[in-house]
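Please walk me through this structure, stop by stop. I have it open in a viewer and would like to know what to select next and what is there.

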Amino acid sequence: MRIYQAHDYNDLSRKAANIISAQIIMKPDAVLGLATGSSPVGTYQQLIEWYRKGDLDFCEAKSVNLDEYKGLGPEDEQSYSHFMHVHFFDHINIRPENTCIPNGLETDEEKECQRYNKVIASCGGIDLQLLGIGCNGHIGFNEPGIAFDKETHCVALSENTINANARFFASRDDVPKFAYSMGIKSIMQAKKILLIAAGENKAQALYQSICGPITPSVPASILQLHNNVTIIADEAALRIILKEHVILPGGHLK
């Protein structure tokens, strides 16, 4: 695990975009695992800028998204499908048939979970998985629990997550209570993982994930077992960690 401190959100976004762009340049047909939420918006904006300059080409790339709200379709402005098109897909030359997102309108949970597992498998594995982290340590919509959910599943969102996401909706009551999420097993099978975190509200979760025990009560703690994880965080998100450790050149903690 390598940890890098960013000066601010813009610096974090550039650093994350550098890693993703390097993956695309090294392997034009790379499979990217993508995330939504406020954390990756700046990263996507930077990738779009480099694409427009002619530095990046996504025509051979594939993407699989982590999650989608159950009950929301692509036309809903709060859906993650809509988010990805507005913030990324509509501004680059990735082929629509190469972008994969869970179907939030599928009411048969078992059917959709099996379908999405097959989608992930058909891609041949994720080369680089981008992650944010929730204030409760969730990755994707893998919420704290008593076990690590392995593959795609339908999640009952925690009160913490519903409260955190309420800012994107007209009211808290409008936030969906369930979501389809890629499982921990699929995330951990990615060849590389890139986690980004910004802000004081992520400090405790990041500390527990990196320095605490590996436990389903902090889902991101499982990343300690992956052999190729890069974390990019700003000073606020690293606040608790930096009280106890020094980040050495190369991204290791002392």
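**Stop 1**

Select Arg115 and Glu112: both lie in helix H4, 3 residues apart, about one turn of the helix. Helices (H or I, at least four residues) and strands (E, at least two) are DSSP runs, numbered from the N terminus. The model is predicted, so local features need pLDDT of at least 70 and side-chain atom pairs count only at pLDDT 80 or more, while totals for chains, interfaces and linings use all residues. Residues are numbered from 1 along each chain as its sequence is written, and side-chain values use heavy atoms, with hydrogens and water left out.

Arg115 and Glu112 form a salt bridge, with 2.8 Å between the closest N and O atoms. A salt bridge here is a side-chain nitrogen of Lys or Arg within 4 Å of a carboxyl oxygen of Asp or Glu. Glu112 is buried, at 2% relative accessible area, whereas Arg115 is partly exposed at 34%. Buried means under 20% relative accessible area, exposed over 50%, and partly exposed in between (1.4 Å probe, protein chains only).

**Stop 1: other salt bridges**

How many salt bridges does a search of the whole structure find? The search finds 11.

Select Asp127 and Lys27 next. Their side chains meet in a salt bridge of 3.0 Å, N to O. This pair links distant parts of the chain, 100 residues apart: Asp127 is in the loop between helix H4 (109-122) and E6, and Lys27 is in the loop between H1 and E2. Asp127 is buried, with a relative accessible area of 4%, and Lys27 is partly exposed, with 30%.

Then go to Arg172 and Glu159, whose side chains meet in a salt bridge at 2.2 Å, N to O. Glu159 is in helix H5 (159-165), while Arg172 is in the loop between that helix and strand E8 (178-181), 13 residues apart. Arg172 is partly exposed, with a relative accessible area of 30%.

**Stop 2: helix H1**

Select residues 9-26, which make up helix H1. The expected span is 1.5 Å times one less than the number of residues.

Now look at the N-terminal end of H1. Asp8 caps this end, with a side-chain oxygen 3.2 Å from the backbone nitrogen of Asn10. Asp11, Arg14 and Lys15 are linked in a network of salt bridges.

Among the buried residues of H1 are Leu12, Ala16, Ala17, Ile20 and Ile24. What covers the buried residues of H1? The cover includes strand E1 (2-6), strand E2 (31-34), helix H2 (41-52), strand E6 (128-131), strand E9 (192-197) and strand E10 (229-234).

**Stop 3: the sheet of 7 strands**

Show the strands. An open sheet of 7 strands has the order E1-E10-E9-E6-E2-E3-E5, with parallel pairing. E1 and strand E5 (99-100) are at the edges with a single partner strand each, so one side of each has no neighbour in the sheet. H1 packs on this sheet and touches E1, E2, E6, E9 and E10; its direction makes about 165° with that of E9. Touching, or contact, means heavy atoms within 4.5 Å. Axes are lines fitted to C-alpha atoms, for helices over the stretch in contact, and angles run from 0 to 180 degrees between N-to-C directions.

Zoom in on E6 and E9, which pair in the parallel sense over 4 bridges. Leu131 stands opposite Leu195 in E9. Two strands count as paired if DSSP finds at least two bridges between them.

**Stop 4: the sheet of 3 strands**

Another open sheet, of 3 strands, has the order E4-E8-E7 and antiparallel pairing. Its edge strands are strand E4 (67-69) and strand E7 (153-156), each pairing on one side only. E7 and E8 run antiparallel and are joined by 4 bridges, and Val155 stands opposite Ala179 in E8.

**Stop 5: Pro74**

End at Pro74, in the loop between E4 and helix H3 (80-87). Pro74 is partly exposed, with a relative accessible area of 45%. Not counting residues up to four places away in sequence, Pro74 touches Ser79, Ser81, His82 and Leu105.

Key
A polar contact is a pair of N or O atoms within 3.5 Å; within protein, one must be able to donate a hydrogen and the other to accept it, and residues adjacent in sequence count only if both atoms are side-chain atoms.
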